[in-house]
Amino acid sequence: MENFLQLMFWLTGLSICLLLLWMAISSRHEKQPRAVIISLLLLVCTAATWFGFYSLFHDTLILLMAPTALLLLVGLLFFAPLGRRTELRTGDITSRVDERDVMFAREEYEPGTDKYDAYYAMRPQLKAVDDKIRRLPPLLKPGGRFYDADVSEKVTAIFEEIKGLTTRVDGDVASEQASVDPANMTAEIKERLRAGGAAEVGVARLNPMYVYSHVGRGPEPWGEPIVNSHRFAVVFTLEMDYDKVHQAPRLPTVEESAERYLAGARLSIDLADHIRQMGYPARAHISDSNYQIMLPPVAVDAGLGELGRLGYLISPRHGARIRLGAVTTDLPLLSDRPISFGVRDFCERCLKCAVNCPSAAIPGDGPVDVRGAEKWPTNVEQCVRYWRVVGSDCGLCMKVCPYSHPPTFLHNLVRAGISRSAFARTIAVWADDLFYGRKLPVDHI
Ligand code: SF4
Ligand code: SF4
């Protein structure tokens with residue numbers, strides 16, 4: 001028995017040291033120097049603790065086993081289903097959003113145009129704040145803090161290419177309708193999107209309250225009512241490159257956003273074409289100017305993740321480090337259910353995006369009721385103002401979010417814990433601050 005306990009003692013110490021060494025190596029791959037140093041320091045402390053305990057208590061087994069017992073207890077609490085895990089209440093959404101009010105649409109209203117006059121006659125309270133934003137250099141143009149002519153030119157070309165696709169989002173439907181089995185068709189569509197590069201795919205019954213009420217951008221006439229009565233939305237995520245996101249708020253992040261948007265546009269246009277050829281209506285919703293639906297809440301309904309404090313969808317595997325694409329359709333499909341993995345509770349403890357947002361656009365308090373659903377409302381004017389200051393789409397909130405770590409074995413282990421245990425959520429917030437820092441160094445902003 002004595003030998004067995006001593007073996008357990010040394011095996012536990014060795015396992016922790018190996019785990020910390022693994023963390024140091026994978027943190028080096030992730031270009032996280034602070035995490036490398038902390039892992040190595042903890043490794044030395046663990047080794048010293050184990051040798052110290054052995055030299056002091058090798059005759060007193062009960063004391064010798066104290067660190068092992070403590071670790072086992074922490075491990076148990078980390079993965080046990082402990083504490084409350086509530087989701088943001090989606091409730092009964094009471095009204096639709098007018099796309100003309102979306103910040104990206106408002107940025108396009110140029111003084112002296114009919115659109116400008118019509119919009120600010122309708123929303124005079126927004127004129128002063130929008131005019132102030134318009135006076136700052138536009139995105140990807142000279143004057144932004146991180147402006148880089150080469151990258152800006154490349155990104156502008158990608159957005160132009162996406163704009164060129166906006167007329168291909170819908171089209172004629174084949175006159176003959178194929179008979180389909182909803183389960184098989186859903187599986188086939190998911191497989192098709194995954195083969196094309198989507199990370200995760202889900203299907204939602206389209207809530208009409210998530211369809212914008214009036215056209216604010218894109219080739220359709222501005223201000224025209226939007227009619228989209230499709231029954232389903234097929235939504236997918238595209239993972240953004242970890243290294244590029246880590247360069248936020250510099251231009252590689254906006255370059256990566258643009259590339260994912262283009263990939264998403266191609267995928268969704270291809271899928272919508274395919275569905276129409278089977279004789280069912282389908283419309284792709286693509287970035288820049290062509291959404292008829294609000295993607296994040298529809299993605300929640302499609303079981304792809306939960307809404308986080310930063311206002312983006314948080315997916316279980318890639319966190320906020322994703323872009324979304326969607327196709328709405330009447331093709332008979334099986335819908336998924338929303339999922340819950342502790343995001344609300346984690347966000348209530350974490351606040352890292354709010355602490356690091358340079359424009360204070362992310363609220364630091366609890367979620368509030370917006371049109372009948374709970375959310376953390378981002379101050380979009382403040383956010384876009386900062387985009388223009390730096391000349392990119394910022395992305396600092398996405399970069400610091402603990403859910404954005406790459407889906408390695410170690411990070412997935414933490415994800416597994418925080419999806420189950422309130423204890424794990426508390427420890428993970430604390431550990432993320434310890435390993436990666438609570439606040440970004442000022443030269444990152
Ligand atoms: S993108 Fe930047 S400015 Fe906007 S909310 Fe995120 S951190 Fe704040
Ligand atoms: S940084 Fe923290 S508070 Fe913000 S969305 Fe991510 S987990 Fe939630």
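The structure holds 0 disulfides, a disulfide being a pair of cysteine sulfur atoms within 2.5 Å. For Cys 17, the closest cysteine sulfur belongs to Cys 45 and lies 10 Å away, which is too far for a bond. Cys 17 is buried (under 20% relative accessible area, with a 1.4 Å probe and protein chains only), because its relative accessibility is 16%. Cys 401 also counts as buried, at 9%.

This is a predicted model, in which local features need pLDDT of at least 70 and side-chain atom pairs count only at pLDDT 80 or more, while totals for chains, interfaces and linings use all residues. Residues are numbered from 1 along each chain as its sequence is written, chains are lettered from A and ligands numbered from 1 in the order in which they are written, and side-chain values use heavy atoms, without hydrogens and water.

Cys 401 belongs to the residues around ligand 2, which also include Arg 309, Phe 346, Cys 347, Cys 350, Lys 352 and Cys 353; such residues have a heavy atom within 4 Å of the ligand. Helix H13 (343-350) and helix H14 (352-356) each supply at least two residues of this shell, and H13 gives the most, with 3 residues. The shell divides into 10 nonpolar, no polar and 2 charged residues.

Around ligand 1 stand, among others, Cys 357, Cys 383, Trp 387, Cys 394 and Cys 397. Helix H15 (380-390) and helix H16 (396-400) are the elements that give two or more residues to this shell, with H15 giving the most, 3 residues.

Technical notes: Buried < 20%, exposed > 50% of the residue type's maximum accessible area, 1.4 Å probe, protein only. Helix = DSSP H or I, 4+ residues; strand = E, 2+ residues; numbered from the N terminus. Nonpolar A, V, L, I, M, F, W, Y, C, P; charged D, E, K, R; others polar.
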